[in-house]
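Work through the two exercises below with the sequence and the model side by side, trying each task before reading its solution.

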Amino acid sequence: MDELLDKYLSKEEKEEFLSIIKPIFESEEFKLRSTDKYTHHDSITLGEHILEVAIITYLKCKKRKDVDLKTAVYIAMMHDLYTLPWQNNPDNVVKYFFNKHGFRHPIEAVINAVNWYPEIFNSYDKEVLIDGIVHHMYPMPVRVYNDKDLELRCKDGIDGENEQILRDSTNRFRIGDLSLCRSRFKEGRIVSMADKKVTRIHLRNAN
């Protein structure tokens, strides 16, 4: 992880960045996703992918005065906190095509993040955080959070205000059981761009 941080950040930036991500970076759930149990595009861990997206997000936001840097970085740190490793995992087999990992994992990430890091959701704009996580894969659609069986793998559920925000977010630009739209907020859009940039880097390096 230090090699990744040093690749992009100066000493001062590294200190600031680590102070922001500390609640997530030092959590057991994030540490688990930084092990070989959770691979991402075969060559790196999920934790490394998430961290690199958060670094790119941080650097993009540092150049702008019209976004909340911490909110954007938190979206990046939570955007892929799905429950189970998805590659070659029989536990991820689903009955309904649009419940496959690619469509449902942003919803799992929201639910997990709300339960694992409630202090962040109590301190920052819940709508911006949730909407940014939900639509980070745009232009790939995300599964609508509705009363049908989503075949989620989360250990915990979601209710109250956070559930309503999740419902509303996934119902925008709804086509059947899918939502096809980008985040309403600049912070979420920046994370989406950073995620795509990092994915292109990983895929290029893998070839």
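**Exercise 1.** Determine at what angle helix α4 and helix α5 pack, and what their relative direction is called.

*Solution.* Take the helices as DSSP runs of H or I with at least four residues, numbered from the N terminus, which places α4 at residues 46-62 and α5 at residues 69-78. With axes fitted to C-alpha atoms over the stretch in contact, and angles running from 0 to 180 degrees between N-to-C directions, the two helices pack at about 160°, their axes 8 Å apart. Angles over 145 degrees count as roughly antiparallel, and α4 and α5 are therefore roughly antiparallel to each other. This is a predicted model, in which local features need pLDDT of at least 70, side-chain atom pairs count only at pLDDT 80 or more, and totals for chains, interfaces and linings use all residues. Residues are numbered from 1 along each chain as its sequence is written, and side-chain values use heavy atoms, with hydrogens and water left out.

Next, list the contacts (heavy atoms within 4.5 Å): from α4, Ile50, Leu51, Val53, Ala54, Thr57, Tyr58, Cys61 and Lys62 meet Leu69, Ala72, Val73, Ala76 and Met77 of α5. Sorted by type, the residues of this contact are 11 nonpolar, 1 polar and 1 charged.

Note on methods
Angles under 35 degrees count as roughly parallel, over 145 as roughly antiparallel, 65 to 115 as roughly perpendicular and the rest as oblique. Ala, Val, Leu, Ile, Met, Phe, Trp, Tyr, Cys and Pro count as nonpolar, Asp, Glu, Lys and Arg as charged, and the others, Gly among them, as polar.
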